[in-house]
Amino acid sequence: MTDLGTRAARPVLSAGDIRDVAVIGSGPAGLTAAVYLARADLHPLVIAGEPSSTSDQPGGQLMLTTEVENFPGFPEGVLGPDLMERFRVQAERFGAEIVTAKVSRVDLGSQPFGVWTDDPGHAEPDHRVRSVIIATGARALTLGVPGEAKLTGHGVSTCATCDGFFFRDQPIAVVGGGDSALEEATFLSRFASSVVVVHRRRQLRASKIMQGRAFADPKISFVYDAVVTEILGDDKLTGLRLVDIVTGEARELAVGGCFIAIGHAPNTDLFAGQLKMDGAGYIRTLDGSSTSVAGVFACGDVQDHVYRQAITAAGSGCMAALDVDRYLAAQESR
Ligand code: NAP
């Protein structure tokens, strides 16, 4: 198995030193990178983020999940926050330094790179680094209606692959009209007793092939021209309040699960104008985790809008750490 740890021992860092590497983000991608970097004696600084009500909090989207049953190595399942705690302990065990702070600015224009966690207006960065791993993830867009935040993880989810299994034989709603919504609906129909797709317009945005697949599924039905105005339930989802935008009529739809599939947004605002991104704002990577700036690497959902799984994010975090090690070794041998 490929591993790091082949370089000469590095001196212990003092404040103000130029570090070999900073990892921005502490989801599965960032912390896996940290485990590998720490074992390679690269003393990674992990800037974990700060608690907030959205999914860009320390630990990433798994902090908003309850049971995780598809992460290999946990045959009994594991709670999302517990899994992230294990990642964190493992990274710290090998010497990763994890700080609870949000990056406010980066300067990737020249070496060493500058990373600010305090006032972005300060001339001097808080950290100077030879390489950076960006693992800031993506956030699922949410509706922002009453009940949604409270019931997320208690019947409301943004990931069918993660949570669909828990809704066996129950009626489920999927909100959205794009490819994600129809893909989720088709996936969920394996488990659910029925799936209702709730879309705010009459025309679906999804591709014809996805529409054809969903229309052919006898368990899937559609409610068009409807918006969700409230998600109902005290400690567990019981239904949705819908309003017909044409007639103004309100009604309740009883469901045991609700999947919000209205798109994702990568957490890349910090890097705008400094790295190449695709049209949706995801960082472009090539040759593994390399970005358009030498010495800057990206892993996890911030550069992947296709797979979006904890295990694929972790795998790409490992790749980024290996890429950093090779990059630093090549710089040293110049
Ligand atoms: P998307 O294409 O942007 O679709 C988002 C859907 O959610 C749209 O139908 C939109 O309605 C609706 N929506 C947005 N905000 C809403 C709100 N506040 N309330 C209610 N509905 C709202 O996003 P996506 O489906 O996640 O797809 C993203 C990209 O990934 C697309 O390019 C897609 O083709 C691709 N993708 C591909 C596959 C595949 O090929 N297997 C699977 C998934 C995703 P409107 O239509 O009215 O705007």
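Predicted model: local features only at pLDDT ≥ 70, side-chain atom pairs only at ≥ 80, totals over all residues.
Q: Which helix gives the largest share of the shell around the ligand?
A: The ligand has 14 residues around it (a heavy atom within 4 Å), and Asp-179, Ser-180, Arg-200, Arg-201 and Arg-205 come nearest. Helices here are DSSP runs of H or I, at least four residues long, and strands are E runs of at least two, numbered from the N terminus. The largest share, 3 residues, comes from residues 179-188, helix α5.

Q: How much of the ligand's exposed area does the protein bury?
A: Let's start with polar contacts, pairs of N or O atoms within 3.5 Å. Ligand oxygens lie 2.5 Å from a polar side-chain atom of Ser-180, 2.9 Å from a side-chain N or O of Arg-200 and 3.0 Å from a polar backbone atom of Gly-177. Alone, the ligand exposes 910 Å² (Shrake-Rupley, 1.4 Å probe), and the protein buries 64%.

Q: Which strands are the edges of the open 5-stranded sheet?
A: Strands pair if DSSP finds at least two bridges between them. In this sheet, pairing is parallel and the order is β10-β17-β11-β12-β13. Inside it, β11 and β17 share 4 bridges, with Ala-173 opposite Cys-258. Pairing on one side only marks the edges, β10 and β13.

Q: Which residue takes a positive phi in the hairpin of β14 and β15?
A: Strands β14 (226-232) and β15 (239-244) run antiparallel, joined by 6 bridges. In one of these pairings, Val-228 partners Leu-242. Then come the 6 residues between the strands, where a phi near 135° belongs to Gly-233.

Q: What is omega for the cis peptide bond between Gln-111 and Pro-112?
A: Most residues other than glycine have a negative phi, and most peptide bonds are trans. Asp-41, in the loop between α1 and β2, isn't a glycine but has a positive phi of about 65°. Pro-112 sits in the loop between β6 and β7, and its cis bond to Gln-111 has an omega of about -10°.

Key:
Residues numbered from 1 in each chain as written. Heavy atoms only, no water. Polar contact = N/O pair within 3.5 Å; in protein donor to acceptor, adjacent residues only side chain to side chain.
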